[in-house]
Amino acid sequence: MTKYDYDLFVIGGGSGGVRASRMAALAGARVALAEEWRMGGTCVIRGCIPKKLLVYASQFSENVLDAAGYGWDFGQARFDWPTLIANKDKEIARLEGLYTANVQKAGVTIYQDRAVFEDPHTLLLLNSGKRVTAEKILIATGNRPTREMGTSHVIPGGDLCITSDEAFTLKELPKRILIAGGGYIALEFAHIFHGLGSHVSLVYRGDKPLRGFDDSMRDALCESMKQRGLEVLLGCEFTKVEKRGNCLHAETNKGAVIECDQIMLAIGRMPNTLALHVEKAGVVLGKRGEVKVDDYSATSAPHI
């Protein structure tokens with residue numbers, strides 16, 4: 001019988017990888033996990049948690065205005081972006097420590113390294129050069145924001161734009177920000193920046209944001225954004241982005257040129273699988289890097 005270093009090896013220290021490794025270890029399996037950067041993944045480091053903190057912060061501007069109707073007077077309100085980001089970083093560091101501690105307490109071996117496949121049961125840890133083997137290997141590498149703008153050619157100046165990842169680490173709050181996209185990430189950040197005091201323009205190539213959602217809700221959202229003072233440009237997309245002095249200028253397919261301090265792309269996400277050499281393990285990827293799996297029939301699933 002072939003002996004492996006571990007029963008289960010997990011690639012990725014995000015929510016999925018942390019949960020899977022911890023539960024397997026608590027069940028008695030020999031488990032290891034490789035995370036090349038920070039424990040917590042998208043949710044803790046650059047997604048759900050920091051976004052919610054920014055959402056809470058952005059809501060206070062309206063709360064202060066509403067408070068005047070109830071007799072409250074706070075004087076001149078002032079918002080400080082660096083303070084918010086610093087406190088956000090402290091909370092993320094705290095949660096990251098908890099994730100790491102809980103995994104280690106369960107008996108999981110953590111490698112702060114990048115793991116790539118050499119064969120179906122062997123992984124190479126690139127930083128250390130160490131090879132490890134496992135009976136089962138779980139790909140839990142999450143995804144990242146895409147910079148593909150949906151056209152057949154590369155948009156000139158696209159490298160000048162940020163994504164949601166970089167939005168959490170900006171040194172200062174942009175006075176004017178242009179956000180491309182019509183999904184919930186684009187809309188959440190549009191409202192976050194607007195609530196914190198930025199002038200926000202939203203560019204979306206479709207007829208209404210939130211494709212696939214209820215039409216009446218989509219219409220109400222567009223109307224609400226306009227009433228709040230957000231600029232919503234529909235049926236619109238970039239053709240060129242360039243830096244002029246200290247400002248960015250985005251040209252659109254409608255002939256408009258929008259001047260701003262930051263341009264954020266919120267146009268989708270794609271799997272972090274392309275550099276794992278999964279083909280060496282017999283894994284097949286789709287066009288966007290998704291792992292292709294066997295057909296699944298809902299009728300064969302247990303009723304819960």
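Residues are numbered from 1 along each chain as its sequence is written, and side-chain values use heavy atoms, without hydrogens or water. Because the model is predicted, local features need pLDDT of at least 70 and side-chain atom pairs count only at pLDDT 80 or more, whereas totals for chains, interfaces and linings use all residues.

The protein contains 7 helices and 16 strands, taken as DSSP runs numbered from the N terminus (helices, H or I, at least four residues; strands, E, at least two). Of its 304 residues, 39% are buried, that is, under 20% relative accessible area, with exposed meaning over 50% and partly exposed in between (1.4 Å probe, protein chains only). The C-alpha trace spans about 70 × 50 × 50 Å along its principal axes.

Helix α7 comprises 14 residues (215-228), and its end C-alpha atoms lie 20 Å apart, in agreement with the span of 20 Å at 1.5 Å a residue; the expected span is 1.5 Å times one less than the number of residues. The buried residues of α7 are R218, C222 and M225. They cover an arc of only 65° around the axis, which places them on the same side of α7; the arc is that of the directions from the helix axis to the C-beta atoms. The exposed residues S216 and Q227 are carried on the face turned away from the buried side. After α7 comes G229, with a positive phi near 105°.

Y70 lies in the loop between α3 (48-67) and α4 (81-105) and counts as exposed because its relative accessibility is 71%.
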